[in-house]
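Good morning, and thank you for coming.

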Amino acid sequence: MRHEVTESDTATTVGSGDVPVLATPRLIAWMEAATMEAAAPFVGAGRTTVGTAVRIRHLRASRVGELVEVTAQSPSTADGRRLTFPVQAVDGSGNLIATGEIDRAVVDRERFLAAVPAPAAGR
(Lines give C-alpha, C1' and ligand atoms only; values in the text may rest on other atoms or scores of the structure.)
Protein backbone atom coordinates (compact mmCIF):
# COMPACT_ATOMS: atom_id res chain seq x y z
CA MET A 1 0.00 0.00 0.00
CA ARG A 2 1.43 3.34 -1.02
CA HIS A 3 0.67 6.53 0.92
CA GLU A 4 1.75 10.13 0.52
CA VAL A 5 2.38 11.87 3.85
CA THR A 6 0.02 14.85 4.22
CA GLU A 7 -0.43 17.47 6.94
CA SER A 8 -3.22 15.34 8.42
CA ASP A 9 -0.72 12.48 8.88
CA THR A 10 1.77 14.47 10.97
CA ALA A 11 2.56 14.07 14.65
CA THR A 12 1.54 17.69 15.16
CA THR A 13 -1.95 17.08 13.75
CA VAL A 14 -2.48 13.62 15.27
CA GLY A 15 -1.29 14.84 18.68
CA SER A 16 1.52 12.35 19.14
CA GLY A 17 4.31 14.95 18.95
CA ASP A 18 5.09 18.52 18.00
CA VAL A 19 6.97 18.08 14.72
CA PRO A 20 5.42 18.03 11.22
CA VAL A 21 6.55 14.52 10.23
CA LEU A 22 4.69 11.22 9.78
CA ALA A 23 3.07 10.32 13.10
CA THR A 24 3.78 6.87 14.49
CA PRO A 25 0.06 6.22 15.16
CA ARG A 26 -0.76 7.00 11.50
CA LEU A 27 2.06 4.72 10.32
CA ILE A 28 0.72 1.93 12.53
CA ALA A 29 -2.79 2.45 11.11
CA TRP A 30 -1.37 2.10 7.59
CA MET A 31 0.45 -1.07 8.66
CA GLU A 32 -2.72 -2.50 10.20
CA ALA A 33 -4.58 -1.81 6.94
CA ALA A 34 -1.89 -3.78 5.10
CA THR A 35 -2.36 -6.71 7.51
CA MET A 36 -6.12 -6.63 6.92
CA GLU A 37 -5.46 -7.06 3.21
CA ALA A 38 -2.90 -9.82 3.85
CA ALA A 39 -5.34 -11.61 6.17
CA ALA A 40 -8.06 -11.92 3.51
CA PRO A 41 -7.06 -15.48 2.43
CA PHE A 42 -7.44 -16.65 6.07
CA VAL A 43 -10.93 -15.23 6.64
CA GLY A 44 -14.13 -16.98 5.58
CA ALA A 45 -17.69 -15.71 5.23
CA GLY A 46 -18.97 -13.95 8.35
CA ARG A 47 -15.49 -13.68 9.80
CA THR A 48 -12.97 -10.86 10.10
CA THR A 49 -9.72 -10.15 11.91
CA VAL A 50 -9.05 -7.80 14.80
CA GLY A 51 -5.71 -6.42 15.90
CA THR A 52 -4.38 -7.84 19.15
CA ALA A 53 -0.74 -6.68 19.36
CA VAL A 54 1.60 -4.25 17.65
CA ARG A 55 5.39 -4.39 17.87
CA ILE A 56 6.80 -1.64 15.63
CA ARG A 57 10.12 0.18 15.53
CA HIS A 58 9.70 3.59 13.83
CA LEU A 59 13.27 4.19 12.62
CA ARG A 60 13.20 7.25 10.38
CA ALA A 61 11.17 10.44 10.03
CA SER A 62 9.16 11.17 6.86
CA ARG A 63 8.29 14.71 5.76
CA VAL A 64 5.01 15.91 4.27
CA GLY A 65 4.97 14.99 0.58
CA GLU A 66 7.11 11.86 0.95
CA LEU A 67 5.80 8.56 -0.41
CA VAL A 68 5.70 5.62 1.98
CA GLU A 69 5.23 2.02 0.85
CA VAL A 70 3.79 -0.22 3.57
CA THR A 71 3.82 -4.01 3.20
CA ALA A 72 2.63 -6.95 5.25
CA GLN A 73 4.10 -10.34 4.41
CA SER A 74 2.30 -13.65 4.73
CA PRO A 75 1.89 -14.56 8.37
CA SER A 76 5.01 -15.87 10.06
CA THR A 77 2.68 -17.60 12.52
CA ALA A 78 -0.81 -18.88 11.76
CA ASP A 79 -2.39 -21.22 14.31
CA GLY A 80 -5.95 -21.08 13.02
CA ARG A 81 -7.20 -18.09 15.00
CA ARG A 82 -3.98 -16.12 15.55
CA LEU A 83 -1.98 -14.58 12.72
CA THR A 84 1.36 -12.76 13.06
CA PHE A 85 2.33 -10.53 10.14
CA PRO A 86 5.84 -9.17 9.55
CA VAL A 87 5.39 -5.55 8.39
CA GLN A 88 7.65 -2.82 7.09
CA ALA A 89 7.55 0.68 5.64
CA VAL A 90 9.99 2.08 3.10
CA ASP A 91 10.23 5.63 1.76
CA GLY A 92 10.44 6.64 -1.90
CA SER A 93 14.25 6.48 -1.77
CA GLY A 94 14.19 2.89 -0.52
CA ASN A 95 15.10 3.76 3.08
CA LEU A 96 13.59 1.56 5.76
CA ILE A 97 11.24 3.71 7.87
CA ALA A 98 9.75 1.08 10.16
CA THR A 99 9.73 -2.63 10.78
CA GLY A 100 7.95 -5.00 13.12
CA GLU A 101 5.08 -7.41 13.59
CA ILE A 102 1.33 -7.10 14.01
CA ASP A 103 -0.84 -9.86 15.49
CA ARG A 104 -4.46 -10.34 14.42
CA ALA A 105 -7.11 -12.77 15.64
CA VAL A 106 -9.71 -14.32 13.33
CA VAL A 107 -13.18 -13.82 14.83
CA ASP A 108 -16.82 -14.35 13.96
CA ARG A 109 -17.98 -10.80 13.17
CA GLU A 110 -21.48 -11.03 14.74
CA ARG A 111 -20.33 -12.87 17.87
CA PHE A 112 -17.47 -10.40 18.34
CA LEU A 113 -19.78 -7.37 18.05
CA ALA A 114 -22.37 -8.95 20.35
CA ALA A 115 -19.69 -9.31 23.05
CA VAL A 116 -18.68 -5.64 22.94
CA PRO A 117 -20.34 -3.88 25.90
CA ALA A 118 -22.70 -0.97 25.22
CA PRO A 119 -21.48 2.42 26.43
CA ALA A 120 -22.53 3.35 29.95
CA ALA A 121 -25.39 5.87 30.14
CA GLY A 122 -24.42 9.43 30.89
CA ARG A 123 -20.88 9.29 29.55
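Predicted model: local features only at pLDDT ≥ 70, side-chain atom pairs only at ≥ 80, totals over all residues.

In which strand is the place of R82? R82 belongs to strand β5.

Leaving out residues up to four places away in sequence, R82 touches T52, T77, R104 and A105.

Is D91 buried or exposed? With a relative accessible area of 7%, D91 is buried. A polar atom of the D91 side chain lies 2.8 Å from the backbone nitrogen of N95. If we set aside residues up to four places away in sequence, D91 touches R60, E66, L67 and I97.

I turn now to helix α2. This helix runs over residues 24-39, which makes 16 residues. From its first C-alpha to its last, α2 reaches 22 Å, close to the 22 Å expected at 1.5 Å a residue. Which residues of α2 are buried? They are L27, W30, M31, A34, T35 and A39. What covers the buried residues of α2 includes strands β1, β2, β3, β5 and β6.

A polar atom of the T35 side chain lies 2.7 Å from the backbone oxygen of E32. The side chains of T35 and R104 are joined by a polar contact of 3.5 Å. Beyond its neighbours within four places in sequence, T35 is in contact with A72, F85, V87, I102 and R104. You will recall R104 from the contacts of R82.

Next, the nonpolar core. The largest one has 17 residues, and L27, W30, M31, V68, V70 and A89 touch the most other members. Which elements give two or more residues to this core? They are α2, β3, β5 and β6. Helix α2 provides the largest share, five residues. As for A89, its contacts, not counting residues up to four places away in sequence, are L27, M31, V68, E69, V70, N95, L96, I97 and A98.

Finally, I come to the charged side chains. Side chains of opposite charge can pair when their charged atoms come close. How many salt bridges does the count come to? The count comes to six salt bridges, and I shall describe some of them.

In one of them, E69 pairs with R2, and the closest N and O atoms are 3.2 Å apart. E69 is in strand β3 and R2 is in strand β1; the two are 67 residues apart, and the pair links distant parts of the chain. E69 is partly exposed, with a relative accessible area of 28%. R2, at 61% relative accessibility, counts as exposed.

Another salt bridge joins R55 and E101, with the closest N and O atoms 2.9 Å apart. R55 lies in strand β2 and E101 in strand β6, so this pair ties together parts that are 46 residues apart in sequence. R55 also meets D103 in a salt bridge, at 3.0 Å from N to O. D103 lies in strand β6 as well, and because R55 is in strand β2, the pair ties together parts that are 48 residues apart in sequence.

E101 is partly exposed, with a relative accessible area of 30%. D103, at 16% relative accessibility, counts as buried. R55, E101 and D103 are linked in a network of salt bridges.

To close, please find R55, E101 and D103 in the view and trace the network that links them. Thank you for your attention.

How values were computed: Residues numbered from 1 in each chain as written. Heavy atoms only, no water. Buried < 20%, exposed > 50% of the residue type's maximum accessible area, 1.4 Å probe, protein only. Polar contact = N/O pair within 3.5 Å; in protein donor to acceptor, adjacent residues only side chain to side chain. Contact = heavy atoms within 4.5 Å. Helix = DSSP H or I, 4+ residues; strand = E, 2+ residues; numbered from the N terminus. Expected span 1.5 Å × (residues − 1). Salt bridge = Lys/Arg side-chain N within 4 Å of Asp/Glu carboxyl O. Core = buried A, V, L, I, M, F, W, Y, C linked by side-chain atoms within 4.5 Å.
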